[in-house]
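Open your viewer, get ready to select residues by chain and number, and follow along stop by stop.

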2 protein chains.
Amino acid sequence: MSDARLAVAIEPERDEHLVAAVEEAGGRIVGLEEARVLVWIGMPTGFPELPDTIEWVALKTAGIEGFVDAGVIDDKRVWTNASGFYAENVAEHALALLLAGLRQINTSVVRHWDKEPIDTAVRSLHGSTVAIIGAGGIAASLIPRLNASGARVIAVNRSGRPVDGAAVTLPSSQTDEVWAQTDHVVLAAPATAETQHLINERTLAALPSHAWVVNVARGPLVDQSALVAALHSGQIAGAALDVTDPEPPAHDDPLWSLPNVIITPHIANPSSGLTRTMAPFLAENVRRYLAGDEMLSVVTPGSAY
Amino acid sequence: MSDARLAVAIEPERDEHLVAAVEEAGGRIVGLEEARVLVWIGMPTGFPELPDTIEWVALKTAGIEGFVDAGVIDDKRVWTNASGFYAENVAEHALALLLAGLRQINTSVVRHWDKEPIDTAVRSLHGSTVAIIGAGGIAASLIPRLNASGARVIAVNRSGRPVDGAAVTLPSSQTDEVWAQTDHVVLAAPATAETQHLINERTLAALPSHAWVVNVARGPLVDQSALVAALHSGQIAGAALDVTDPEPPAHDDPLWSLPNVIITPHIANPSSGLTRTMAPFLAENVRRYLAGDEMLSVVTPGSAY
């Protein structure tokens, strides 16, 4: 007797949030050899040899360049990533980083009540312009937050198709027009050949001196030595980074000693809460798979997102 | 020949932003002896003996308990403070403090990429409930920011009259109902006998253990030794304070060494930008005074706000 429920393997370890999501959506948990679907919540290292019977692989991260580099992504089945699942978390963290920088929370934490330099360095988000480079799911969550804070948004996306809530949307081919028009920059684009070192000596020079650069995307979007130079010289006001290149920065990296830098350890979307956040999206994709509907976050073949 | 323009003294020092505001609104700058209006941008100490010819005194701060305590406020003329003028600045800072705490920016700044404890301590503002105690002008600016961040607001004001954007409004007589219903608390009430030590051993015990307490109002609203005890024992998750009692805290105050505390040096509304922010409000009040209209932020006789 066959079981009509979708056979799903969750590897390399059991996770209660995802088990519950799969079962609620009409699946059952099985081993890899029996499965039609693999939910892989481990690293690229250790990714298993896939039986041909696996029709769909669900990955738990939004950026999957590690899996692409490891050569595990093939064209024999559907692959989904978690693009958009964690957008609200990451948007909230981007806002926290930007406000912490503008409001001098980092300097306040280390320079106890050294009032005058802190007081004069405080800047307001309200009345400012913020450019979001890579305006997808994170931007969709971030823009209403920025607008409610009295900031105007310039969105940059691939197509230039107007983004809800943005005052201006530009296609990525016109990214260079952004730097002189904005007060601050939030990086939310995937790591690709085109976005590699998007923030570099030239673009840093085009930003205003009061600019904060926030990176919640991927470290390689920033030429880190150019950033250090710009922060050291005061060419820009500060950088707030949840991602770096490499991660973590070396113990003696000058980033650690610059006063106008905030580094959080890649926790915009905390690992410890990942599967809980992912669970309802996985359930939705199981339902769609069973119904034959278009799934969420299908990986574009040949791309890393 | 008399000059029809309103004679305004700005003391104890000239300020270009305020001079421009007064002149633009139909006033002229004179010395104290000639003036009908005094704009006092100094401290309570040094406040001058007022000639009877002064009809209106404009103070530059929202909280004026220092002037009340110094006995300079009389009932011979109109007094205005700056209540509401800086609300947007303070609301922005309150949001920055709350997000910095929830997002572990303070621990990240001092514990370089100590990932695991930071990752597991990160909390989200979205999906949480935030109580604002003293829901006036600051709350009016803060509530849309919190709502856009996916948080639900409980507002507490004197009358209990529903506050726009709050899910629930309670009168201050029912403040004690708030603690167990909220995730986080923002203090935005004036310093009065009723608000003295509003956060104390009892109220801290009623808050959930994941609560952050944000104070952008006045230090005396918090029983600081009770707060230190609650932070030390983990009874609440953290405190983010722009104001303390005294200011600054003593060099050896335990607040400085607790990892779950953020202290900014009373810069929610930076002194260095005060008169620039105040200028358009002063201009508006000069216009209203000349027109005989109701003025902004008239001090209630016998109160400190």
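## First stop: a loop in chain B

Start by selecting P12(B), which sits in the loop between β1 and α1 of chain B. Helices (H or I, at least four residues) and strands (E, at least two) are DSSP runs, numbered from the N terminus. The peptide bond between E11(B) and P12(B) is cis, with omega about 0 degrees. Now switch to chain A: the bond from E11(A) to P12(A) is cis, with omega near 0 degrees, and P12(A) lies in the loop between β1 (6–11) and α1 (16–24) of chain A.

A word on what you are viewing: this is a predicted model, in which local features need pLDDT of at least 70, side-chain atom pairs count only at pLDDT 80 or more, and totals for chains, interfaces and linings use all residues. Residues are numbered from 1 along each chain as its sequence is written, while chains are lettered from A and ligands numbered from 1 in the order in which they are written. The mean pLDDT (the predictor's confidence in each residue, from 0 to 100) of chain A is 95, and 98% of its residues reach 70 or more. The model's scores are ipTM 0.86 and pTM 0.86.

## Second stop: a sheet in chain B

Show chain B as a cartoon and find an open sheet of 5 strands in the order β2-β1-β3-β4-β5, with parallel pairing. Two strands pair if DSSP finds at least two bridges between them. β2 (27–29) and β5 (78–80) of chain B are at the edges with a single partner strand each, so one side of each has no neighbour in the sheet.

Next, select β1 (residues 6–11) and β3 (residues 37–40) of chain B, which pair in the parallel sense over 4 bridges. Here A9(B) stands opposite L38(B) in β3(B).

## Third stop: where the chains touch

Show both chains: 40 residues of chain A are in contact (C-beta atoms, placed from the backbone, within 7 Å) with 40 residues of chain B. Which element gives the most to the side of chain A that touches chain B? Select α3(A): it gives the most, with 8 residues.

Select α6(A). Among its buried residues are I138(A), L142(A) and L146(A). A residue is buried if 20 or more other C-beta atoms lie within 10 Å of its own, exposed if 12 or fewer, and partly exposed in between, with C-beta atoms placed from the backbone. The cover over the buried residues of α6(A) includes α3, β6 (129–133), β7 (152–157) and β9 (184–187) of chain A, together with α6 (137–148) of chain B.

Move on to helix α8 (residues 224–233) of chain A, where Q224(A), L227(A), A230(A) and L231(A) are the buried residues. They cover an arc (of the directions from the helix axis to the C-beta atoms) of only 120 degrees, which puts them on the same side of α8(A). On the other side of α8(A), H232(A) and S233(A) are exposed.

## Last stop: a strand and a loop

Select β7(A): 5 of its 6 residues are buried, so β7(A) is largely enclosed by the rest of the structure. β6(A) and β7(A) pair in the parallel sense over 5 bridges, and I133(A) stands opposite V156(A) in β7(A).

Finish at Q104(A), in the loop between α3 and α4 of chain A. Is Q104(A) buried or exposed? Q104(A) counts as buried because it has 26 C-beta neighbours inside 10 Å. Its phi is near 60 degrees, a positive value in a residue other than glycine.

Terms used: Contact = placed C-beta atoms within 7 Å.
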